[in-house]
Amino acid sequence: MPHQRSGGPLGHDPALRQGFEKGQGIKQRTLHANRAGRWKVAWRRKIVSGANCQRAGLAVSRGNMRAKHLGGAAVEARLQSMTASTCCRRGLGLMILGVAWAVALAQASTNPVPVAQEEVEIVRLMDVGQPADALALAVRALAQARRDWGERDPRSIALLALQSSALTELGRPAEALPLREEALALRAEVHGADDVRTFEDGTMRLISLAQLGRLAAVKSDGKVLLARQERMLGAQHPATLGTLMTLGVTLTWLGEWQEALHAHERAFRTHLTVSGALHADTLSAQSNYAVALFEMGRLAEAEPMARAAWQGRLKTLGAAHGDTALSLTSYGSMQKAAGRLAAALASFETADRHAQQALGPSHPYAQVARVNLASGLIDDGQTARATALLTGLLAHFERSGSELNPYALRAHVLMGQVLARQGQWVQAEAHGQAAVRGHEALGQSGSKYGRESLLGLARAQAALGDRPAAMATLRQVIETVERQRLHTTELPDALRRVWLRSMMDGYQPLIAHLRESGNDAESREAFRLSETLKARVLVEQMAQGDAAAQAALPQADLTALRQQQAELAEASALLAKGVPAAERPALLHRATALSRALYQRQAELAQASPRYAQLTRPPTLGATEGARLLQAHQRYLSFMLDARQQLSAAVLAPTGELRWVDLGAQPDLGPQVERLRQLVSGERRDAKALTELGAVLSARLLQPLAAHLPVGSQVLIAPDGPLWLLPWDALPWQGRPWGQTTQLQLVHSLAVLQRVQERLVARSEASPLSLLALGAPSYPLALAGTDRGRVGRRSSLLRSGQTAEEGAASLAALSWPRLPFAQVEMDQVAALFPAGQVQKIQGDDATETRLRALSATGELARFRYVLFSAHGYFDPQRPEFSSLVLKPDGHSPERDGFVSVPEWLPLRLGSELVVLSACDTARGRVVSGDGLVGLSYALMVAGNANTLATLWPVADRETAWFVSRFFARVRAGQRHPEALAQTKREFMQHRDARLRHPRHWAGFVLYGA
């Protein structure tokens, strides 16, 4: 504001002018601090600025009132922020930092509020960690203010709110809430219900309710308040965003993931756009979002976001600040989850030290840091020190009457873990009961720590011999997980898989108890639960695809549905390819929004079409239903690898007989399977090691099952974990490869098996014998060579500095060897079918564009058999980008020639069998709870039934021979598993010793039925 000339409101009084200019100078420096996100500096400067101007006795003109009363607005803003700062997120430290200061700046220009000097001192006392002294002063000042000015005076209302804030910082929310509600009522009377200050107090009331565990009230009242703020203030107003952040934290506590993530993402993106990356509100929203992602199991996304929030506060506030400490302890929790315990402990120690020094032991931030430190110490085996910390914390919570806050309950859970390690199960059970009761009272049973408290209680109950109680508690865990699953339906499929993987620990203990009981009914319940976990997202995706094809939807609805699926697939494909970190949040936001819109359309279609609704509800199959899917010579073999690396197997016979077999601890299973895969494939040459390792795995995996797997049977294997990548046929069994006596195929679950069998029946009745052979592409810049393997690594192409378009251009320019025998293979297979039932696409026409065009016209869905003879691509750093490599005809992702897993999903297949005659097409990302997510998975979602794929790079000429012989048997009428088994046995006994090596036959894997 420009200075006033002589004769203006300042007159000629030097004292008045000196006071005013001092206040204005501080105000200007404040604006710079404010823009930089240095809020503590800004708060104090604004208070001093207001006090200087007030002491100068400025005249009451509009411009001067802004300066005179800025300090009062700052005190109110500090009040709001301090109240918000106490709403901390459990042991992880997710919190709502105040956003009200920016609101106060706007208020100060139009709604001047007089400032009492006591307010400045109360704020200072709370700033330096003396909330008890602040409370005493607030009580005295409020009494005096009401005598001098009355209870409706803005200064009295501000002091009342400060008293509530002091009580909150002392851990006395039950006393703070009535004062907060009284202040809110007075604010509404004095300023009106739709005044920004009233809205701010409404947000602070929500925070007080949350601290008392009244989360249902926060959720309902918060949604009403948010709607009013959006209508009156706008979606980008700081008050609106403050309520949105509060609501997001509450929904996270309640485990309502979809709404929570939507709120966090919107708050973060809006703050980032409006205020910049280093603004205090942006960093707060970023921290909230990171912890919500972490609780959903999305550690890969959460950790860099939490690190950025901590580094932002480190830069703007300094290492010793309480907010920085809170961000650091949150980041430490994610370091611990990522397996970097030493780094996590260093973060926890630093955060605890700074929080104690800056805030004092009673401050919520300090308690969060201490709980997290105790957690790290337990994992590091320092139980004595952890016990001391937890004992002190629990004593404080009991003294302050705040036993029902989330981090107090977290302390109970951790103390239970310490006592369990020491064998003190009675005390461990008591702490578990306290934590469970508290989470139930807060409505948090379905949250990450609510689930953890239930699991801890169940362990204690089981150790004490109370099996019925343990079983009841474990069933409660599953009930909460199933309720929470309903809040993930709008998420993209990849994110739903991540969430389901994080929930596995909720199912596995109950499954273990049931199968170990020796009771047939409980054994079957364990089997049903294990089937519930397998391929859950895949079954839902297959059901959605079949429903769209079979429900006779109106063409307009079907077209719109396909378009939305294609848009989502495009965004997912870009994410899979790996985009620069700066682009990823926006792309993930787009994918999530597209997924939400697709889900809403599917829900509308289900409501309008009973047939569609019925087809989209996949069943969960148990032993009785599963046995009906098996023929007399078949056995269903399902493996289950839990978080402790304990492996078990269930064998189901067509008679309904079910046998569970405990295969023991397998801590080195993953490395052993990978080593065997490399040895069999020839990537490593060591015949002795191949023989020895094969014998070891056979003894571990097959020998215990021998009595339940008759020789000559067909075994449908549902693997788990690394077993998806095991070359089962090559395992030695009774002196021969297992595949020489047994037909083997892989299936994701009984529900997938049922779906595939239904597709096979429908297509054998409706489809003509027809073949699409697409391959032998004219790769540009071809090099000499005869392997169908990769010639470059995608991780070296898609550097972090490249945009998605640049990465696609790099891929399209990649040189691939021509495959002369791919053409031979296509010709030989095509010759097995009548000429009028075959379409060959090769050379320059074998492009991704052509494949997409075939799908768009519906022609692709006409073919019963589809053969792709080309290169395959697999990058272990990005397994979800497993691709079939066709001829590129452009640089865009949809024309680069790499048909990746996400890009297959919206295509329309009606095939009985797809053969991926290319390298590494049976590899992908192994996802706990959903199996192998790779090309075979994507083809099933697209409508295919069975898939033949490869576990390693395969040679061009030998592959052509193998595939031609396989198709000849299929054409002769053999079922796919039998045709594959017979072709492998032909190679096992081939007169050419070179072809008898398992690298030429054991890598072919059949998925389906």
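**Close-up views of a predicted model**

View 1. Not counting residues up to four places away in sequence, the contacts of His 264 are Met 245, Gly 248, Val 249, Thr 252, Asn 288, Tyr 289 and Ala 292, where contact means heavy atoms within 4.5 Å. The model is predicted: local features need pLDDT of at least 70 and side-chain atom pairs count only at pLDDT 80 or more, whereas totals for chains, interfaces and linings use all residues. Residues are numbered from 1 along each chain as its sequence is written, and side-chain values use heavy atoms, with hydrogens and water left out.

**View 2. The salt bridge between Glu 303 and Arg 340**. A salt bridge is a side-chain nitrogen of Lys or Arg within 4 Å of a carboxyl oxygen of Asp or Glu, and by this rule the count comes to 40 salt bridges. The side chains of Glu 303 and Arg 340 meet at 2.0 Å, N to O. Glu 303 belongs to helix 14 (residues 299–317) and Arg 340 to the loop between helix 15 (322–337) and helix 16 (341–359), so the pair ties together parts that are 37 residues apart in sequence. Glu 303 is buried at 10% relative accessibility, while Arg 340 is partly exposed at 35%.

**View 3. The salt bridge between Arg 536 and Glu 482**. Here the N to O distance is 2.6 Å. Because Arg 536 is in helix 26 (residues 536–550) and Glu 482 in helix 22 (residues 467–485), the pair ties together parts that are 54 residues apart in sequence. Arg 536 is buried, with 12% relative accessibility; Glu 482, with a relative accessible area of 24%, is partly exposed.

**View 4. The salt bridge between Asp 668 and Arg 700**. The closest N and O atoms of this pair are 2.9 Å apart. Distant parts of the chain are linked, 32 residues apart: Asp 668 sits in the loop between strand 3 (658–665) and helix 31 (669–681), and Arg 700 in helix 32 (residues 687–701). Both partners are partly exposed, Asp 668 at 28% relative accessibility and Arg 700 at 26%.

**View 5. A salt-bridge network.** Arg 957, Glu 958, Asp 992 and Arg 994 are linked in a network of salt bridges.

**View 6. Strand 7 and its parallel partner, strand 4**. Strand 4 (residues 714–718) is joined to strand 7 by 4 bridges; two strands pair if DSSP finds at least two bridges between them. Val 715 has Leu 744 in strand 7 as its bridge partner. In a regular strand the side chains alternate between the two faces of the sheet. From strand 7 (residues 743–746), Gln 743 and Gln 745 point one way and Leu 744 and Leu 746 the other, and all are buried.

View 7. Strand 11 is joined to strand 12 (residues 883–885) by 3 bridges, and the two run antiparallel. Opposite His 871 stands Val 885 in strand 12.

Methods
Buried < 20%, exposed > 50% of the residue type's maximum accessible area, 1.4 Å probe, protein only.
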